[in-house]
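Thanks for passing this one along. Here are my notes, written to be read with the viewer open.

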Amino acid sequence: MRRGISLLARVTAATVAFATVTAAPAVAAQPRACTLNGCYGIWGTGSGRWIADGDKMVICDGYADGYSIRIRAHINYTDQPDKWHTSGAGECTERSYGDVGEGLIVVFYACLGKQSTGYILHDSCGAVAYGTT
């Protein structure tokens with residue numbers, strides 16, 4: 001009897017573990033690049049998030065520091081026009097890259113800057129993020 005309960009407990013535990021692992025569908029995370037100081041909450045923060053469905057970047061300003069957020073991107077190893085969020089802290093802007101072919105590599109990073117003058121605070125640029133179209 002004792003052996004039967006132990007076997008039943010192990011089968012039940014294995015079933016629960018398998019259901020836990022396989023129950024949630026796999027969802028790809030949207031690649032995000034943040035400035036050197038992070039995505040939000042302190043001076044000099046902001047981010048860009050690549051949305052493959054629509055070939056667009058969502059650019060967010062994470063703090064009221066007087067700077068805009070600039071995203072520099074390369075699609076399939078080709079420079080793209082800079083995309084900016086200039087509408088203020090705590091907000092985001094969608095910027096399209098047009099109709100881009102499927103399965104191409106997207107490489108991008110976020111920096112602080114002043115869009116009106118084209119000034120980029122290069123020491124604020126964060127790590128590179130990667131996505132696909």
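The points below go through strands, aromatic rings, charges and a surface patch.

1. A word on the source before anything else: this is a predicted model, and the distances and angles in these notes are computed from it.

2. Let us start with strand β2, which spans residues 46–51. Of its 6 residues, 5 are buried, so the strand counts as mostly covered, with the cut-off for buried set at under 20% relative accessible area. One of the residues in strand β2 is W50, and W50 counts as buried because its relative accessibility is 2%.

3. Which strands does β2 pair with? On one side of the list is strand β1 (residues 32–34), which pairs with β2 in the antiparallel sense over 3 bridges; here C34 has S47 of β2 as its bridge partner. Strand β3 (residues 56–61) also pairs with β2 in the antiparallel sense, over 6 bridges, and G48 stands opposite I59 of β3. The hairpin of β2 and β3 has 4 residues between the strands, and G54 takes a positive phi near 115° there.

4. Now the rings. The count comes to 2 aromatic pairs. W43 and Y67 make an edge-to-face pair, with 6.0 Å centre to centre and 85° between the planes. This pair links distant parts of the chain: W43 belongs to the loop between β1 and β2, Y67 to the loop between β3 and β4 (68–75), and they are 24 residues apart. W43 counts as partly exposed because its relative accessibility is 41%.

5. The other pair is W50 with Y97: the ring centres are 5.8 Å apart and the planes are at 55°, so this pair is tilted. It too links distant parts of the chain, joining W50 in strand β2 to Y97 in the loop between β7 (92–96) and β8 (105–114), 47 residues apart. Y97 is buried, because its relative accessible area is 11%.

6. Two of these rings also have a lysine to look at. The charged end of K83 sits over the ring of Y97, 4.8 Å from the ring centre. For Y67, the charged end over the ring belongs to K114, at 5.1 Å from the centre.

7. How many salt bridges are there? The count is 4. Among them is E94 with K56, at 3.3 Å from N to O. Because E94 lies in strand β7 and K56 in strand β3, this pair ties together parts that are 38 residues apart in sequence. K56 counts as partly exposed, at 22% relative accessibility.

8. D82 deserves a look of its own. D82 forms a salt bridge with R70, where the closest N and O atoms are 3.2 Å apart; D82 is in the loop between β5 (78–79) and β6 (83–85), while R70 is in strand β4, 12 residues apart. D82 is partly exposed at 28% relative accessible area, whereas R70 counts as buried at 7%. The side chain of D82 also meets that of R72 in a salt bridge of 2.9 Å, N to O. R72, likewise in strand β4, counts as buried at 18% relative accessibility. With D79 included, R70, R72 and D82 are linked in a network of salt bridges.

9. Last, the surface. Y77, I105, V128 and Y130 form a nonpolar patch with about 460 Å² of accessible area together. V128 is found in the loop between β9 (119–121) and β10 (129–132), and is partly exposed at 40% relative accessible area.

Notes. Residues are numbered from 1 along each chain as its sequence is written. This is a predicted model: local features need pLDDT of at least 70, side-chain atom pairs count only at pLDDT 80 or more; totals for chains, interfaces and linings use all residues. Side-chain values use heavy atoms; hydrogens and water are left out. Buried means under 20% relative accessible area, exposed over 50%, partly exposed in between (1.4 Å probe, protein chains only). Helices (H or I, at least four residues) and strands (E, at least two) are DSSP runs, numbered from the N terminus. Two strands pair if DSSP finds at least two bridges between them. Patches are made of residues with over 30% relative accessible area and no salt bridge: like charges are joined within 9 Å, nonpolar side chains (Val, Leu, Ile, Met, Phe, Trp, Tyr) within 5 Å. Accessible areas come from the Shrake-Rupley method with a 1.4 Å probe; for residues, only the protein chains shown count as cover. Rings of Phe, Tyr and Trp (its six-membered ring) pair if their centres lie within 6.5 Å; planes under 30 degrees apart count as stacked, over 60 as edge-to-face and the rest as tilted. A charge sits over a ring if NZ of Lys or CZ of Arg is within 6 Å of the ring centre and within 35 degrees of the ring normal.
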